[in-house]
Amino acid sequence: MLIGGLLIIVAGLMAFFPSMSDSDTSVDWISLPLVGFPIIVSCILLAFASQETRARKEVIAVPIRLFTLVASLIPLAISTALFFDWLILVDWDLMYNEYALEKEYVWIESIGVSWHVGMDGLSFPMVWLTTFLVPITIITTWNEKDGATYYPLLLMMGGALIGVFVALDLFLFYVFWELTLIPMFFLILKWGGKDRRYAAQKFFIYTFCASVIMLLGLITLYFLQPEGSGSQYGTVTGRTFDMTVLFSNATAYNMGDSVFLGKDMQNILFAMLMIGFLVKLPAVPFHTWLPDAHVQAPTGGSMLLAGVMLKMGAYGMLRIPIAIFPDAVVYYQDVIMAIGLISLVWGSIVCLGQTNLKKMVAYSSVSHMGVILLGIASMQPIGYAAALFMMFAHGIISPMLFAVCGAFKHHYHSMEIGAMRGMAKWSPFLAVYMMFAWMASLGLPLLAGFVAELMVMIAFWPEYGWWILLPGAVLAITAAYYLWSMQRTIFEGGDEGQPPESLNGETPPDITLSENIGMIILAIFTVIFGIFPFIALGMMDQWTVAFFEGVFNLGGI
Amino acid sequence: MSGSEIIDYAVLIPLLPFLAFPVILFLGRLFNGTPTWVKNVKEGGIIALTVMGASLVLALLVIKEHMNKVGAADVFTWFESSWWNSETGAITTKVFGFGIYIDHLTVMLLFVAAFLCFLINIFSIGYMNTDPINDNRNHRFYAEFVLFCSGMLGMVLADSFLWLFIFWELMGLCSYLLIGFYYERPSAAYAAKKAFLTTRVGDVFLVIGLVMLWNLFEPYAGSQGALSYAVVFDPEKIAMVNPGDLQLALGMMFIGAVGKSAQFPLHVWLPDAMEGPTPVSALIHAATMVNAGLYIVARMFPFFMEAELGALSTLAIVIAVIGGITAVMAALIAFVQMDLKKVLAYSTMSQLAYIFTGLGSALWLANNGYDDLAAFAMGASLFHLFNHAMAKGMLFMASGSVIHEMHHAHHEVAHHGHDDDHHDDHHDDHFDAQSMENMGGLASRMPITATAMFVGSMSIIGIPLIGGFWSKEGIIASAWKVALKEPIFLLPAMLILIGAGMTGFYMSRMWFMTFAGKPKTEVAEHVHEQTPWIPIPLVILTFMTLSAVILAGMHAGHWLGDFESGHYSSFIDGIGYEMEHVFLNPDPFLMVLTYVAIGLSLVLGPSFAMALYGGSLDGDQKAKPWMQWAINLSARVNKNSKFDNTAWANSSLATSLHKRLHFDDVYDAAMLKIVVGFAKLSAIFDTKFIDGVIKTIESTSQEASRRVRSLTTGSARDYIMMTALGTLVIFILLWGVA
Amino acid sequence: MEVEVFSNDFWKAFAPETILICGLLLIFIIPNLGNSKFRIPLTKVRVPWFLGGRRFKLTGSPAIPGILATGTLFTALGMMVIEAIDGKMDTTTVVSGDIIILQLDNFSRFFEILFLAAVLLASMASLDRIPAHTFEGKKSLEELYDNRRQADFYILMLTTAIGMCTVALAQDLFVLFVGLELASLATYVLVGFHKESKSGAESGVKYFITGSVASGVGLYGLSLLYLEFGSLQLHEIAALWSESSVLGLIALGLVLVGFGFKVSAAPFHFAAPDAYAGANSPVAGVLATASKAMGMIGLIRVLLVIALPETGEEESAVWLYTLATLSVITMTWGNIAALGSTNPKRMLAYSSVAHAGYMLAAMTAVGAWKWGEVDAPADYADTIVAAVLFHLFVLVAFKLGAFLVLGLLEMEGGASRLSALSGLARRDPLIGTAMFVFMLALAGVPPLAGFMSKFLVIAGIVSTSVGELWMNGTVSFSDLHWVWWLALAMFVNSAISVFYYLRIGVVMFLDVPEEGRRKPLPYGASIRMAIWICLVATILLGLSGDTLIDMCYRAADSLNLA
Amino acid sequence: MIDPAWVSGLAAILFIIGLWGAFSRKNAIVVLMCIELMLNAVNLQFVAAATHWGDVTGWVYAVFAIAIAAAEVAIGLAIFLSMYGQHETISLDEVNLLKN
């Protein structure tokens, strides 16, 4: 019955989505293949699986798992192919407010909402990252219980996240923004740890509250734009949610002496939008949902949460408020810097005081996200590129961190640092991955994390000078908490090792094959992007240059 | 420029070991325990050896080609990023590339690194593969080792400070891994963490220094990355940069060097680093990696050369002072060490400090316009670096040999003593194979090792004509030359002069305690050289050390400092010149100085050592003739002297020396009490306060909900009353507006 | 087009309403058909009369009223929808002399569709909620009860529908009030319908007493209005409004109370939670949706049609602050109260209070417009009213849907504890998912209808506060009208509301079913069908609400505001 | 003829008495009577206004209002009856199972 309902919905959508320009006959690589397909497939799978009995569910979990894996590989194949021009020639060297593979369909005509998707140097790396992480997550958590519903949820999560990144319509953006909450809510609620009830609700409510304020900002912004006519514009309101129109409006104003909407309004709207994004990021002091969510979330959930979901905040910042309110960015520059620094320092200091492995890793995410803010506050193209690369690199490293935590929990039934010593003896593979991930996260050169940190530091100095000692101190503190935790997990333990009490005397196992595969792929990509960062950075650099020219009117062409 | 220049292949020197790292790790995982892997491939040792051999050959070819000329080659573009210049308003794309840069500094260190790494590899095959404790985990060692070599070679060859730093960190990682090789030992785990963290503190400053440097040179760098040597060493650009800022930047970078080269106050990690696989990783840390810090300071030379006169003197003085302090401090601590490797570790620290002082002098001279003197000081420092590396490498290998054989002997003794109920477990009794208190009289039982150690110690002490003598004298002389011009320099100059004597003492002490006298334990009586592979590098290095005199004759002290000046014409002339220069310096002050230094290091130090620790061998034992005289001499001095050091040994100074002058305690306390304590408080604050606000909001609203709902009393009369009240409110509101 | 009452055109135009009345009559008649004969007085001739006596087996079946009512509602609704989707609705005015009684336009048709849809869904659900049993076999007392009152229930349902339609159509305030009373009186009974239970009777009493007082106050307000203006015709009062004395204001306040009770605005909402908790769930659903919409019609008529200042006047509406205060109090009160409520029905009642607050805020925004400064104020007003209408309409989808799910639970016992929902998602994943979707929609999570409606309401408020400031180029935040803060209040409130909506989801998906609820849910094809309709509507209207928005906009447009 | 203003005044007084009574009395029947009082005030008001305006619709309104009042009483009494059946009281204060 639900499948029938879904089909009705899909058919309804088809009927309501006329294309904006009939002349554009090129293939739409984004709407269905990247966004629609995962969501629809997962909905159908969920509907299918939910009808089965408990016993049957365990049986069908295996084919569903395989199916979701295959289904998640399709977007990955497409996004990879798009990147390397295998499918069609995509020119990623775009001017500001130009997008590759842009497609626009009318959605809600009356208020000017369109299904407008497209990608540029800001969004494409994140899209690729998402498509990459979903299959990895599926593989890493190959043996999760209740697989019949778990894997489709991961897939849905991926689709929704991609939707956030490709949306070029404020309304569409917000829809996907909130849509990502739902699969994650269930992932935490059903597969989470002991306090999952609290954590899931906190996660949902906290981020929802923030995004609601953001939405008010977006609506106010919407009505502050000039009316227009055209297929993007709403028949009732006369305004449009189309981001490209918004950007060109803003740019047209900001290019001259005048300020888009006036300074006062800019500052207020900027703050409203930023609140939503800062909570998602999360920045101190809005970060407390994150440790709870991470500690309670299942491994797969944590991987996607840290890998991509946090980046939504940074992505949103760069996509909307910073792009349209350059004067406000300048106005708030010091505030952003302060928040970034506080996140960075506070996150790392709290990490040092943690006894829970996953909590420590969660706080390290807070700390790393501060780097993005620093990059933004630096007002340097290299700082912005660093922010982008940080998003990307952290998106590869942090899933690995959480995969390691998950494997640790899975095999030693404890999350306490020090519960298990001498892991190198019992689980050499896990120990290696842990060390690798920790090292990558603390910014070891030639691994992906270092590049961004270096770039941020370079961009930070001319603007803020000796404040650089704080990020510098954080580098040391980060090393301290990671090494300290390794000392008490991988190392020590004497010849006999010291398996935790929670194992009840059983021999601790090493990680499973699937975890091994997932983690090694992540590790390989961490190295690849550490040694050859230009693969992703080239695109990001082009984007930042275009962004600086288009938004801040700097550089000139 | 033909396509087949040797420099184009130079990138392979670090690349080969880098690629070997995963290969060894993977194969080791795959074939772990199989007989072929263990016996024939030596658990990866042979692979590593092949790779290191290839690197060495390549390195030698490169050195041959670039002995006298600077070379540079681009390898690949790491990434590009854009920069907005706030003054011009232009956005330029900066290239962060990696390339090869070869000059005199590179050549020297490349040789040291490639050569030592190769020898260490040979040594390891002997050492690691015969120790049962390492069975089935040696592949890890070799993998980490080749990665380390890759870092060292890459750092030397890199053409920018950025890549220098990258390889620098790579070495840091490997040092961490190697120190923690015996992961199950808490002490190793602790030492590994300590080493990484301490150097990390320095690295942070190095990064900051690099960032400052970048920003200084960015306006003049064009599209090049502002950290590449091609940019920063350009005299015109240096002249344009604000020297005050430059000094700060270089100072920051120097802190990084302090961390890496284990100088005061970031020296605490080096002695602990001896926890690594005895003593190979120690060798890596002490003989090879620590040179990185020197290298980066030496790399600063052009800045001092080209910057405004005197503008960077402060930094030069700081460098020298740090060096001086460390030299004496480390030597002092070395006085009381009983652990063979620890003595060597402190000696390393002390000798590096010498080089720092030398570099400091060179930099000061360069910055104050004494170009020739600067080149000489530079050359002396680098020459000392070379000599020290060779000698210290040999010493560590020799000490490793001693320890190794002690282990073996202990094993045999233990087996003979009480039947073999402990097969593979030699940790349950607390015999310390590294303690010199358990040794003694080994000179006859380990002739090659003893010889190597003998020569090495002499080189370090600076016995005239042997190895380090040449360079050490140069450093002392340079320092004093500066001191004559700049009074503050008297401090480091004095310190290293005193240090020379102290070196003589502790090195002699070590040698005599180990090799002279009667065996102090049963184990020491059963020691004999038996492990294959180990002697090879010892012999080679012995000759290397001895051949320093040849290098000296080749004016190494000059051309190491500067390519352009001081090419040698004839070896005989050269050695004559050097001899004359050292012993019959036309400057009377320098001549006196030389003899004071010789006196201190050759006479005073060893004499005290002999008096305290000397002694003849067992009656039936006979050392090789070139050592026998020293043993005999020491026995005689020991017998005749009435020197009693118990007062010293029981003094509070000795106590604190045993505690390494309390640095470790203070740092540990600061870390555990203050930093971790603060962190724990922060964690509590985070959950209780920041999150507490959220929780309070929640509980408050629940309470509010309870209150609000209690207004719904359930009585219809109340509802009506509220309706009436509402009506009233509406009236009031309407009336208020109207 | 003007038609006289009961003329040919009248019947043509009011065919759906006529069908409703016919259906009502049929429910009266058909179950009573029997073999009785009527003796013509003074003669011995017995004519078959068919009313009373021994009932025919077919027509006397207890299932008949339900089917009849549902069929009638369905037919009427179908006719209206077809008419409305064509969109070529003429305005039909029913006059009697110079008095305009009813007016059939886009606005009234829209609300009629809403009312009929809600009542239809409720009666569909009631087919299972109050099941009719065959007469064969031995019956339990409860089953006999249910059989006996089938006709009563559906008669009341249809009466409610007719009363509501009257409200939608009325052009005279008194007619509006009569319709309101008709619907209210029926709902009073419906609320207390389960008189065999203590809570049923109690809720009926409370709802009745409080409702009567409120409507008494409202009627008194009407009489004062009549005293002031000499007429209760909407257009006449609207024309005279600007010259009204203070009596007009007093009357306005009193009338506000009457409608305030219907929309359950604080502080007139007190009876609502009790009523919802005592009534059976489909009825509560109707109260929360249709009945509320009925109240909103009243408010729209009184506040927007009558008491809105003329275009060109440099002033805001008199009731601006009043309504703003009421709206903020209402939404906050509702949400805060719902936060700790452990009875799902009461929680939904409080949430319904909060939703009333949102709509009042939107209405405030219409009044807040600085009429003099813009070219086309009506556009802004229309947008907001359209948003309110949209909100009211989609409420039928998800709020009623939520009540229907509770109704399904009531079929196996009560649904007045949160724990009744425990493990619902495990017992019946689809129903659990549907309930969760309804909750998310109530909370306003995209892309569901609830988000769309909240979004539109807020967009409306913001559009008023922003107005045409964009023309200035630069805008200062202080230039925005203060109703912008109402939008913020709405957002803060909907953020609070997520908490309790989500709790339902958590209970359904995480907790273990309580004792006695381990079996699968009762089936109930018809109630499930109703739930699916609600579910699909919730999703579809959220994903592409364009048609409905247009409809709302046309409806709002036909009010001819300003 | 009496001035309609007096009637209006009476109506207002009646209304207030009714409203007051509605929430001050416990007995459901008395409350119902108070509500009737309010409705009667409405009737009076309509009649007075009709006289004032000389408009016949007012009278019609009054008649309708009486009908409404009657219906209300009928329904009210029925509901009270069912309440009495369950709770065996007609005191509004004692019927408070549903609250909060």
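Q: Among the 5 pairs of chains that touch, which pair has the most contacts?
A: In this predicted model, 46 residues of chain B are in contact with 49 residues of chain A. Of the 5 pairs of chains that touch, the one with the most contacts is chains A and B.

Q: Which element gives the largest share of the side of chain B that touches chain A?
A: Two or more residues each come from strand E1 (71-84), strand E2 (91-102), helix H6 (161-179), helix H7 (186-221) and H30 of chain B. By class, this side of chain B holds 30 nonpolar, 8 polar and 8 charged residues. The largest share, 15 residues, is supplied by H7(B).

Q: Which element gives the largest share of the side of chain B that touches chain C?
A: The contact draws on 22 residues of chain B and 31 residues of chain C. On the chain B side, helix H30 (663-710) and helix H31 (716-737) each supply at least two residues, and the residues of this side divide into 13 nonpolar, 7 polar and 2 charged. The largest share, 13 residues, comes from H31(B).

Q: How many Å apart are the closest C-alpha atoms of chain A and chain D?
A: No contact joins chain A and chain D. Their closest C-alpha atoms are separated by 24 Å.

Q: How many residues of the contact of H3(C) with H4(C) are nonpolar?
A: H3(C) passes H4(C) in a left-handed crossing. The residues that make the contact include C:Leu73, C:Phe74 and C:Leu77 of H3(C), together with C:Ile113, C:Leu116 and C:Leu120 of H4(C). Alongside 4 polar and 3 charged residues, the number of nonpolar residues in this contact is 16.

Q: Is C:Gly216 buried or exposed?
A: The residue C:Gly216 lies in helix H8 (residues 198-229) of chain C. A residue counts as buried if 20 or more other C-beta atoms lie within 10 Å of its own. Because C:Gly216 has 30 other C-beta atoms within 10 Å, this glycine is buried.

Q: Which residues of chain D does C:Gly216 touch, not counting residues up to four places away in sequence?
A: Within its own chain, C:Gly216 has its C-alpha atom 7.5 Å from that of C:Gly258, a residue 42 residues apart from it along the chain. Leaving aside residues up to four places away in sequence, C:Gly216 touches D:Ile35, D:Met38 and D:Leu39.

Q: What radius of gyration does chain D have?
A: Chain D contains 3 helices and 0 strands, and its C-alpha trace spans about 50 × 25 × 25 Å along the principal axes. Buried residues make up 43% of its 100 residues. A compact globule of 100 residues would have a radius of gyration near 13 Å, whereas the value for chain D is 17 Å.

How values were computed:
Residues are numbered from 1 along each chain as its sequence is written. Chains are lettered from A and ligands numbered from 1 in the order in which they are written. This is a predicted model: local features need pLDDT of at least 70, side-chain atom pairs count only at pLDDT 80 or more; totals for chains, interfaces and linings use all residues. Two residues are in contact if their C-beta atoms, placed from the backbone, lie within 7 Å. Helices (H or I, at least four residues) and strands (E, at least two) are DSSP runs, numbered from the N terminus. Ala, Val, Leu, Ile, Met, Phe, Trp, Tyr, Cys and Pro count as nonpolar, Asp, Glu, Lys and Arg as charged, and the others, Gly among them, as polar. A residue is buried if 20 or more other C-beta atoms lie within 10 Å of its own, exposed if 12 or fewer, and partly exposed in between; C-beta atoms are placed from the backbone. A crossing is left-handed if the near helix is turned anticlockwise from the far one by less than a right angle, and right-handed if clockwise. The radius of gyration is taken over C-alpha atoms; the globule rule is 2.2 Å times the number of residues to the power 0.38.
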